Amino acid sequence: MEKYRETKTTADWNGMLHKLCGNRLYMGILLLTAVCAYGYKVTNVTIGIDDTPSLYYFEEGLIAIVGRWVLFLLNKVISLAEFAPFVTDFAAVLLLIAAAIVWSALFYSVFGEKIPMTGYAYFAAVFVSCPLISEVFTYFLHNGIAIGYLSCAVSLCCMREWQNSMRKPREKPDCPAVTKLAAAAVFLWIAMGCYESFMILWLAGLLLLLLSERIRLGTERTARTGERGVFGTLAGGALAALAAVLLRSLMIVVLTKAFHLEYLQGEAVQRSV
């Protein structure tokens with residue numbers, strides 16, 4: 001597993017994803033959980049309070065005013081506001097499965113086979129069966145939870161790539177390293193454009209990633225990397241988070257002007273990060 005300990009490349013990530021997707025135990029548990037969770041959704045239909053004014057949110061543009069611009073633009077493409085029972089829910093389940101696999105690959109890049117495949121399968125099963133704010137929303141695609149989970153995972157993978165690239169001795173960051181940090185900020189921006197609370201999830205994921213690496217590698221790497229380790233990653237994370245927040249604020253202004261939504265600014269409070 002040495003090839004997963006050091007610098008990651010795109011081929012390494014593809015290899016880890018292929019290993020997870022090709023494992024029958026992992027995929028069997030994950031898919032069975034998804035089928036059961038979605039089956040419960042189909043057989044126990046509920047309508048949330050936020051579902052009743054869906055046209056107001058999507059067609060009028062109120063959801064863009066509060067900062068959830070991804071859903072507003074997505075509705076322009078596939079009409080999320082139209083009544084399509086269980087179709088968008090099924091799409092959200094598929095996205096959650098993809099998100100669970102990417103999150104698993106993220107932690108696999110740290111622990112490798114030190115954690116048995118059943119451990120990754122259990123993590124993925126809990127991930128799919130208990131999504132964020134599942135007490136309010138289950139698998140509604142139009143609340144952006146599934147998209148946000150996937151975007152957060154990809155953003156943290158980019159952060160891990162940046163983290164590993166910064167560990168190489170150099171006088172200043174090269175262009176690929178800066179590109180990886182920018183990619184992390186962009187995917188975090190997309191996640192917050194689905195639901196602003198994904199900033200908290202992203203920060204928790206970054207800290208958990210650092211903690212996992214410390215547990216996995218002990219003090220050996222910390223002694224070698226010094227400030228390029230934990231503090232360097234936290235500084236890079238702060239830059240990515242700040243860039244994502246600024247991009248989110250800019251996007252709200254752009255959409256408000258582009259779609260003439262100024263009249264809705266007094267109708268709802270913009271969600272802060």
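Student: How many helices and how many strands are there in the chain? Please then look closely at helix H6: which residues of H6 meet H8, and which residues make the contact between H2 and H6?

Tutor: The model is a predicted one, in which local features need pLDDT of at least 70 and side-chain atom pairs count only at pLDDT 80 or more, while totals for chains, interfaces and linings use all residues. Residues are numbered from 1 along each chain as its sequence is written, and side-chain values use heavy atoms, with hydrogens and water left out.

The chain has twelve helices and zero strands, where helices are DSSP runs of H or I of at least four residues and strands are E runs of at least two, numbered from the N terminus. Of its 273 residues, 48% count as buried, that is, under 20% relative accessible area, with exposed meaning over 50% and partly exposed the range in between (1.4 Å probe, protein chains only). Among contacts (heavy atoms within 4.5 Å) between residues at least 6 apart in sequence, 79% join residues at least 24 apart.

Two packed helices are described by the angle between their axes and the distance between the axes. Here the axes are lines fitted to C-alpha atoms over the stretch in contact, and angles run from 0 to 180 degrees between N-to-C directions. Helix H6 (residues 87–111) packs against helix H8 (residues 145–166) at an angle of about 20°, with the axes 8 Å apart, and H6 and H8 are therefore roughly parallel; angles under 35 degrees count as roughly parallel, over 145 as roughly antiparallel, 65 to 115 as roughly perpendicular and the rest as oblique. H6 passes H8 in a left-handed crossing, a term for the near helix being turned anticlockwise from the far one by less than a right angle, with clockwise giving a right-handed crossing. On the H6 side the meeting residues are Ala92, Leu95, Leu96, Ala98, Ala99, Val102, Trp103, Leu106, Ser109 and Val110, and on the H8 side they are Ala146, Ile147, Tyr149, Leu150, Cys152, Ala153, Val154, Leu156, Cys157 and Arg160. By class, the contact of H6 with H8 holds 18 nonpolar residues, one polar and one charged, where Ala, Val, Leu, Ile, Met, Phe, Trp, Tyr, Cys and Pro count as nonpolar, Asp, Glu, Lys and Arg as charged, and the others, Gly among them, as polar. Within H8, Ile147 is buried at a relative accessible area of 17%, and its C-alpha atom is separated by 8.1 Å from that of Ala99, 48 residues apart along the chain.

H6 also packs with helix H2 (residues 24–43), at an angle of about 150° and with the axes 11 Å apart, which makes H2 roughly antiparallel to H6. The crossing of H2 and H6 is right-handed. H2 contributes Tyr26, Met27, Leu30, Leu31, Ala34, Tyr38 and Lys41 to the contact, and H6 contributes Asp89, Phe90, Val93, Ile97, Ala100, Ile101 and Ser104. Eleven nonpolar, one polar and two charged residues make up the contact of H2 with H6.

One further pair involves helix H1 (residues 10–21), where Gly15 is found. Gly15 counts as partly exposed at 27% relative accessibility, and the C-alpha atoms of Gly15 and Ala105, 90 residues apart along the chain, are separated by 9.5 Å.
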